[in-house]
Amino acid sequence: MQDFAAIDFETANGQRSSVCSVGIVVVRGGVMTDTFYSLIKPEPNYYNWFCQEVHGLGHEDTDNAEVFPKVWAKVEPLIEGLPLVAHNKRFDESCLRAVMQVYQMDWPDYDFRCTLQASRRKLRNLENHQLHTVAAACGYNLEHHHHALADAEACAAIAIKLMEEDL
């Protein structure tokens, strides 16, 4: 797999639809060629303490941000025809499905792949398979963990390193 888009969402609260930021890294020919990052006004629009502690975002960051459909209109052309790759695809795919459902958007049958699953198969001796641990094992220094673009970049680096086989 030489062409894909790595994706990462951060959420404002326990609702998967409450995406408050998205990071995208487009990889073509095994090389990172484009990035996209945006804050998003979450739905529902409240922040819980735990999520704020994890990523540091709050109302002051997203109250004036665009809603998801406007942000996704910018993302769609970047990822068109590409499989999406996430570290723990169950989370990111469920966020995308939930927010699309809230805004009554059609699901375009995205093909999601998972670097978490790939790392469990290929890097069995790691102490854990968290994003920062796997990134380090693949030679990538993840400095701003839980920033959506930084996490998407780490995911892309992992996928490039492990992509000899399909994820």
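Thr11 has Val19 in β2 as its bridge partner. That pair belongs to a predicted model, in which local features need pLDDT of at least 70, side-chain atom pairs count only at pLDDT 80 or more, and totals for chains, interfaces and linings use all residues. Residues are numbered from 1 along each chain as its sequence is written, and side-chain values use heavy atoms, with hydrogens and water left out. Strands (E, at least two residues) and helices (H or I, at least four) are DSSP runs, numbered from the N terminus.

**The sheet**

- Five strands make an open sheet with mixed pairing, in the order β3-β2-β1-β4-β5. Two strands count as paired if DSSP finds at least two bridges between them.
- At the edges lie β3 (31-39) and β5 (112-114), each pairing on one side only.
- Neighbouring strands are turned by 25° against each other on average, direction ignored. Such angles run from 0 to 180 degrees between N-to-C directions, using axes fitted as lines to C-alpha atoms, for helices over the stretch in contact.
- Strands of a sheet pair through backbone hydrogen bonds, either parallel or antiparallel.

**Pairing, strand by strand**

- β1 and β2 are antiparallel, with eight bridges. Ile7 has Ile24 in β2 as its partner.
- β2 and β3 are also antiparallel, over eight bridges. Here Val26 is bridged to Asp34 of β3.
- Two residues separate β2 and β3 in their hairpin, where Gly29 takes a positive phi near 65°.
- β1 and β4 run parallel over two bridges. Ala6 is bridged to Val85 in β4.
- β4 (residues 84-86) and β5 are parallel too, over three bridges. Leu84 finds its partner in Phe112 of β5.

**Burial**

- Eight of the eight residues of β1 are buried, meaning under 20% relative accessible area, while exposed means over 50% and partly exposed lies in between (1.4 Å probe, protein chains only).
- From β1, Phe4, Ala6, Asp8 and Glu10 point one way. Ala5, Ile7, Phe9 and Thr11 point the other way.
- β2 is largely enclosed by the rest of the structure, because nine of its 10 residues are buried.

**Tyr37**

- Tyr37 sits in strand β3. Its relative accessible area is 30%, so Tyr37 is partly exposed.
- Tyr37 and Ile24 are 13 residues apart along the chain, yet their C-alpha atoms are separated by 6.4 Å.
- Leaving aside neighbours within four places in sequence, Tyr37 touches Ser21, Val22, Gly23, Leu57, His147, Ala148 and Leu149. Contact means heavy atoms within 4.5 Å.

**Helices on the sheet**

- Helix α3 (residues 68-79) lies across β1 (4-11), β2 (19-28), β3 and β4. It runs at about 175° to β3.
- Helix α5 (residues 115-122) packs on the sheet and touches β4 and β5. Its direction makes about 35° with that of β5.

**The largest pocket**

- The largest pocket has a volume of about 520 Å³.
- Twenty residues line this pocket, and His87, Asn88, Phe91, His145 and His146 are the closest to its centre.
- β1, α1 (49-55), α4 (89-102) and α5 each give two or more residues to the lining.
- A pocket is an open set of points on a 1 Å grid over the protein atoms alone, where a 1.4 Å probe fits, with protein on both sides within 12 Å along at least five of seven lines; lining residues have an atom within 4 Å of a point.
- Grid points are joined across faces, edges and corners, and the volume is the space filled by probe spheres set on them.
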